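Here are a few exercises to work through with the model open on your screen. Try each task before you read its solution.

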Amino acid sequence: MMLVSGFRLSYWGFSFNLVGIVASVVILFWAVVAIFAPLLTPYPIGLIVDYDYFGPMTSEFWLGTDYLGRDMLSRVLYGARYTVGIALAGVFLACFLGVTLGMAAASIGGLFDTVLSRFLDAFNSIPSLLFGLVVVAAVGSTIPVLIITLALIYAPGSYRFSRALAVNINTMDFVTVAKARGEGTLYVIREEIFPNIISPVLADFGLRFVWIVLLLSGLSFLGIGVQPPNADWGALVRENLGALPFGAPAVIVPSFAIASLTISVNMLIDNLPQRVRDQGE
Amino acid sequence: MNGLILSVLLQRLGIALISLFIVSLAVFAATEMLPGDVAEILLGQAATPDAVAGLREAMGLNEPAIYRYFRWLGGLLTGDMGTSYVNDTSVASMIGDRLSNTLKLAGVAALLSVPLAMFLGVTSAMFRLSPYDRIISFLTIAVISVPEFMLATGGVLIFAVYLQWVPALSLASEVSSFGELLRTFALPVGILTVTVSVQMSRMTRAALIDILSSPYVEMATLKGASMPRVVLKHALPNAIGPIANAVALSLSYLVGGVIIIETVFNYPGVAKLMVDAVATRDLPLIQSCAMIFCFSYLFLITLADIAGILANPRLRT
């Protein structure tokens, strides 16, 4: 219900310009690909279809073949599942943790707020790629571990952002009234604070999604993200790095897939109506 | 240097120390998360119960975690970083001269990126909404939006494969002349510089534009000062604090960037060592490298914060 009314509200203001429309189309495209990947792939992803490796773009294999002679189009379409899926799960978890804790800290205040803020700030001072390396070295790289790690890395930033917003809302009269009425913290943050910070939080959600896609791709590129036989876009670049001297599509296409997604999300956020975007600053 | 400024500085240093302590806890905790037993993993096929018990005893794994944590921390502080699990040599000697290689790469990139970012940020704030500003803004968004490894592989593809201006690998040991040194380092340093400076220039532009919308700047414009004069003489000195902050935050990109760049170019630095250590799960080595990176990062951030505090005229009386 909340989300629906939030959507309609911003819908009135959506005087999308061309860049915004193109960006949304690209994002929608990858979302559809991620959902329907098994129906769209022309060949099974593990099947070696061509004796030639790093093949060029042909009518048979639209995006060429990879280092084992597998169909690149199928692998990129399937890679969308891993990249988009893991990043979405990670960003949902990160924002859920960050926003909930941020609102709670703003609403409760006092020692809880101070200790949590200090602790998460310190946590934030571990460079993200480094944190990923240490965790993967310790517990190995499985998809649930990746999602939790990515969420933990980006939750402190989300906490900081939503806490700053919630502190302002928390001083409003209607929050004081709700607290005076005897409502609990959970009610206050859910019913009073959250609806008032939803639009900047959504913009932040988008940015964080981009960062998570970039970090996930980086981890996979280093060989410590998604493990074979599965491959996200970062892992596809790594696998086919040998194609670099030939300039084969196998290494270029997954790179462009990543770039098209992240640039589109950034452009969409940049072209949101001023009113929605600037509330958070 | 008055009392107020001193207390602010001390407080900042205290926060840095607390952060470092929490970071060391987190890095140490990573070993504790290891499923199963270090001794068992090390012995692999030869893990008879007796051998595991013996190795556990020898490694001190039977002691409580808190005790091992403080011994590890004490060792780090005195320069004893422990012994590598994989090849049984001391971690300190493995890191040794690789550290100077990494510092060279990161240092040169930082030295180049700050002036570049300042130039781009200040000029695009000066001519904001002009075609120049729009082009810079589009390019910086594009660079921020793509992963670092894509810039690196793209750079290799264009400059080393197609144009053949520079070699694709950088092996610092095989460099004989100065010209060769430049050629070898140009690509890794250049790409690292670009990744770090785009974020910095965006934040510089934002900080400066923020100041440009304040009433005293309007006053300066109304009295007839030229645009460059308003920006450079009136706005810039007040933007130094936020800009120092932007520099600090961008340095996190330097740490992430170094890891990717060293891997792509096979550069013999600490980051490459660490990535290789992850493959073999050599935890003492990983922990030491992680602490080196976290320490340098916190050091730079604190330094930039202090610069920001010192540049704030309200604190300087």
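Predicted model: local features only at pLDDT ≥ 70, side-chain atom pairs only at ≥ 80, totals over all residues.

**Exercise 1.** How many helices and how many strands does chain B have?

*Solution.* Residues are numbered from 1 along each chain as its sequence is written, chains are lettered from A and ligands numbered from 1 in the order written, and side-chain values use heavy atoms, leaving out hydrogens and water. Now count the DSSP runs, taking helices as H or I of at least four residues and strands as E of at least two, numbered from the N terminus. Chain B comes out with 12 helices and zero strands.

**Exercise 2.** Work out how H5(B) sits against H12(B).

*Solution.* Step one: find H5 at residues 91-126 and H12 at residues 283-311, both in chain B. Step two: take the angle between their N-to-C directions (0 to 180 degrees, axes fitted to C-alpha atoms over the stretch in contact). The helices pack at about 40°, with axes 10 Å apart. Step three: that angle makes H5(B) oblique to H12(B), since angles under 35 degrees count as roughly parallel, over 145 as roughly antiparallel, 65 to 115 as roughly perpendicular and the rest as oblique.

**Exercise 3.** Which residues make the contact (heavy atoms within 4.5 Å)?

*Solution.* H5(B) brings B:Val91, B:Met94, B:Ile95 and B:Leu99. From H12(B) come B:Pro284, B:Leu285, B:Ser288, B:Cys289 and B:Ile292.

Methods: Contact = heavy atoms within 4.5 Å.
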